[in-house]
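Take a look first, and then we can walk through it together.

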Amino acid sequence: MASKLQIFSLSANRKLAEEIAEAAGVELGKCKVSHFADGEIGIDIQETVRGNHCYIIQPTCNPVNEHLMELLIMIDALKRASAKTINVVMPYYGYARQDRKAGARQPITAKLVANLIQAAGATRILTMDLHATQIQGFFDIPIDDFRAMPILAEYFENLHLDNIVVVSPDHGGATRARKLAEQLNVPMAIIDKRRPKPNVSEVMGIIGDVRGKTAVIIDDMIDTAGTICNAVDALLDNGAVEVYTSCTHAVLSGAAFERIEASPMKALITTNTIPLREDKKVEKIVQLSVGNLLGTAIRHVYKDEPVSVLFDMYNK
């Protein structure tokens with residue numbers, strides 16, 4: 001019998017998993033996540049997976065440790081149930097910011113997470129906009145790191161904004177900003193900032209001309225929103241007419257929603273790699289779906305077709 005394609009969702013982002021499954025042309029598989037009285041996680045896969053190609057949809061977003069353990073336990077369950085391949089779809093890769101030793105006696109947690117996923121039995125990783133592309137090298141199994149930038153670019157193209165300048169919120173994001181600027185055929189600028197401690201930043205200056213322009217900031221993730229809101233204020237202080245912000249991963253921790261709502265930014269354009277909190281609704285936040293991209297990618301991998309065409313397709 002031919003190996004079947006099966007897609008399972010854990011608890012991190014069920015809605016995105018449904019969109020991915022629809023794009024891939026299959027129904028979500030049946031599995032149940034439960035907890036023992038002391039908080040330990042239990043997984044019950046309620047259909048056979050023997051000899052099949054299985055995909056787990058699980059961004060490791062908040063609560064990060066809970067979702068990571070769910071993922072590891074699910075991988076182990078599939079391995080022990082004789083799944084042919086175990087493919088992990090992590091639209092958001094938690095712990096990615098700890099990708100190097102920035103100081104003495106610090107861990108490289110992004111590598112630790114890669115080791116855990118591989119040791120559990122995963123055979124492939126599909127993810128989006130890793131915080132640092134070198135994280136791909138932490139894995140000894142195939143990994144595809146897709147880009148949300150073309151989806152964001154299409155949204156801004158449809159807004160028909162005038163006199164745009166694309167802005168990177170720091171030097172590290174200059175490559176990402178340059179690609180968006182090339183896609184929109186507009187100039188770019190860079191915010192020179194320093195980060196005295198995690199989740200705290202100070203704007204030192206702006207490299208490039210933003211006066212009289214509509215600024216579009218692009219980043220890979222927004223966490224507490226302090227950095228992005230400081231960047232918006234700095235751009236407006238330097239003569240920008242209005243400012244849009246965008247990112248792939250809307251982590252949005254702590255007072256992020258309140259900061260975004262109070263900020264003079266026109267809007268925050270993001271994707272649904274991470275679900276927004278139901279108890280926090282901010283009209284400025286626009287979510288675009290990556291479900292079709294990831295569902296199509298799954299279909300290509302399952303059929304042994306190249307995924308490189310997807311990078312080309314989403315970069316037209």
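Does Leu293 count as buried or exposed, and at what relative accessibility? Leu293 counts as buried, because its relative accessibility is 2%, under the 20% cut-off for that label. Please keep in mind that this is a predicted model.

- Leu293 sits in helix α8, which covers residues 291–302.
- Between Leu293 and Thr127 there are 11 Å in space, C-alpha to C-alpha, although the two are 166 residues apart in sequence.
- Helix α1 (residues 14–24) packs with α8 at an angle of about 50°, and their axes are 7 Å apart. That angle makes α1 oblique to α8.
- The two helices α1 and α8 cross in a right-handed way.
- On the α1 side, the residues that meet α8 are Leu16, Glu19, Ile20, Ala23 and Ala24. Their counterparts in α8 are Gly291, Asn292, Leu294, Gly295, Thr296, Ile298 and Arg299.

**Helices α4 and α5**

- Helix α4 spans residues 149–159 and helix α5 spans residues 174–184; they pack at an angle of about 40°, with 10 Å between their axes. The pair is therefore oblique.
- The contact draws on Met149, Ala153, Phe156 and Glu157 from α4, and on Lys179, Leu180, Gln183 and Leu184 from α5.
- As with α1 and α8, the crossing of α4 and α5 is right-handed.
- Buried residues in α4 are Met149, Pro150, Ile151, Leu152, Ala153 and Phe156.
- The cover over these buried residues of α4 includes α5 and α8, along with the strands β11 (214–222), β12 (242–250), β13 and β14.
- Just after α4 comes His160, with a positive phi of about 55°.

- Helix α6 runs over residues 226–237, which makes 12 residues. From first C-alpha to last, α6 reaches 16 Å, close to the 16 Å expected at 1.5 Å a residue.
- Within α6, the buried residues are Gly226, Thr227, Ile228, Cys229, Ala231, Val232, Ala234 and Leu235.
- Asp223 lies in the loop between β11 and α6. Asp223 counts as buried because its relative accessibility is 13%, and buried means under 20%.
- The side chain of Asp223 is joined to that of Arg97 by a polar contact of 2.8 Å.

- Asn272 is found in the loop between β13 (267–271) and β14 (285–288).
- With a relative accessible area of 10%, Asn272 is buried.
- Which side chain does the side chain of Asn272 make a polar contact with? The partner is the side chain of Glu19, at 3.2 Å. Glu19 is also one of the α1 residues that meet α8.
- If neighbours within four places in sequence are left aside, Asn272 is in contact with Asn13, Leu16, Glu19, Gln287, Leu288, Ser289 and Val290. Leu16, like Glu19, is among the residues of α1 that meet α8.

Note on methods: Residues numbered from 1 in each chain as written. Predicted model: local features only at pLDDT ≥ 70, side-chain atom pairs only at ≥ 80, totals over all residues. Heavy atoms only, no water. Helix = DSSP H or I, 4+ residues; strand = E, 2+ residues; numbered from the N terminus. Buried < 20%, exposed > 50% of the residue type's maximum accessible area, 1.4 Å probe, protein only. Polar contact = N/O pair within 3.5 Å; in protein donor to acceptor, adjacent residues only side chain to side chain. Contact = heavy atoms within 4.5 Å. Expected span 1.5 Å × (residues − 1). Axes fitted to C-alpha atoms, helices over the stretch in contact; angles between N-to-C directions. Parallel < 35°, antiparallel > 145°, perpendicular 65-115°, else oblique. Left-handed = near helix turned anticlockwise from the far one by under 90°.
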